[in-house]
Amino acid sequence: MELYHALPFFCYLLGKCFKKGLLGKGLWLLMKLSFIVILSFAICWLPFCTDIEQILQVLRRLFPVDRGLFEDKVANIWCAVSILFKIKTILTKDTQLKLSFALTFLTVLPSCMKLTLQPSLRGFKYGLVCCSLSFFLFSFQVHEKSVLLVSAPVCLVIHEIPFISTWFLLVSTFSMLPLLLKDGLLLSYIVTMLAFLLVCTTSFSIFEKTAEEDLQLKKLSSYLRKYATWLKTFSKVMKSLFFISVTLMSILTLMSATVEPPKHLPDLFPVAVSVVSCLHFLFFLLYFNIIAMWESKDGRNQKKIN
């Protein structure tokens with residue numbers, strides 16, 4: 001799971017300890033949690049502790065600083081920004097590492113603080129999504145397939161917000177298109193994407209659940225509507241954005257598979273896929289953080305009413 005999922009687990013359990021009080025049962029739970037964490041860490045490291053060189057090898061694998069900020073065309077912020085600002089050549093590796101750590105820490109902080117102060121199972125699921133997506137977008141040396149560590153917790157909330165979850169899972173698969181083409185999986189990619197969209201459309205009725213209440217954004221949209229009257233057509237706007245997104249992904253898929261890129265821009269299509277996917281992920285990060293921070297109480301109340 002790496003830190004993608006471990007951090008929300010820790011914040012949730014720590015919040016439960018604080019909720020029970022540090023002078024009573026909570027203190028005992030905190031001690032047990034600390035013991036389990038230390039014991040698990042020791043068991044994981046035990047096979048490698050026989051040789052200092054093995055320990056160093058594990059650390060290099062866990063923290064691949066020598067490999068640079070990013071490789072290939074991963075759909076995170078660093079690859080997207082490097083099109084305009086060559087981060088890997090302008091900034092030193094030490095500065096890149098600090099910048100990556102700072103942005104990752106700042107983007108996971110809101111959901112982790114919320115989860116620690118107000119622990120709940122629902123908040124925990126959204127905390128998993130927010131933290132894993134922040135790590136994917138901003139952390140150092142991310143692999144393209146790491147988006148699957150974000151997709152897993154999104155599947156946990158697909159019954160609560162089926163429209164956005166389906167949209168995210170489509171984009172996450174699309175973001176790996178260059179890898180899938182390299183492995184000759186274009187047909188499998190197309191078939192599974194269409195089948196997944198069909199299943200979600202029929203099973204979750206995703207296009208019927210784009211209202212403010214269904215997206216759990218009623219509180220935010222009511223506030224924004226005072227300044228943006230176009231939000232009265234909120235459902236139509238979300239549907240339009242979805243169809244534009246799917247159309248754009250379809251066009252890039254077709255061009256990546258059939259069109260030969262210019263010789264002076266051999267990575268044109270992989271870069272385009274990465275940038276488009278990254279813009280989607282930034283939108284999803286904002287959305288899930290809004291849900292985690294502002295809409296948790298409304299969501300619980302809405303479930304009770306229903």
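Predicted model: local features only at pLDDT ≥ 70, side-chain atom pairs only at ≥ 80, totals over all residues.
Local features need pLDDT of at least 70 and side-chain atom pairs count only at pLDDT 80 or more, while totals for chains, interfaces and linings use all residues. Residues are numbered from 1 along each chain as its sequence is written, and side-chain values use heavy atoms, with hydrogens and water left out.

The structure holds 5 salt bridges, each being a side-chain nitrogen of Lys or Arg within 4 Å of a carboxyl oxygen of Asp or Glu. One of them ties K73 to D267, with the closest N and O atoms 3.5 Å apart. That pair bridges distant parts of the chain, 194 residues apart: K73 sits in the loop between α3 (52-62) and α4, D267 in the loop between α13 (234-258) and α14 (268-294). Helices here are DSSP runs (H or I, at least four residues), numbered from the N terminus.

E160 and K125 also pair up, at 2.8 Å from N to O. Here E160 comes from the loop between α8 (148-156) and α9 (162-174), and K125 from helix α7 (residues 121-138). R122 joins K125 and E160 in a salt-bridge network.

On the surface, V81, I83, L84, F85 and I90 make up a nonpolar patch with about 490 Å² of accessible area together (Shrake-Rupley method, 1.4 Å probe; patch residues have over 30% relative accessible area and no salt bridge, with nonpolar side chains joined within 5 Å and like charges within 9 Å). I83 counts as partly exposed because its relative accessibility is 41%.

Terms used. Buried < 20%, exposed > 50% of the residue type's maximum accessible area, 1.4 Å probe, protein only. Helix = DSSP H or I, 4+ residues; strand = E, 2+ residues; numbered from the N terminus.
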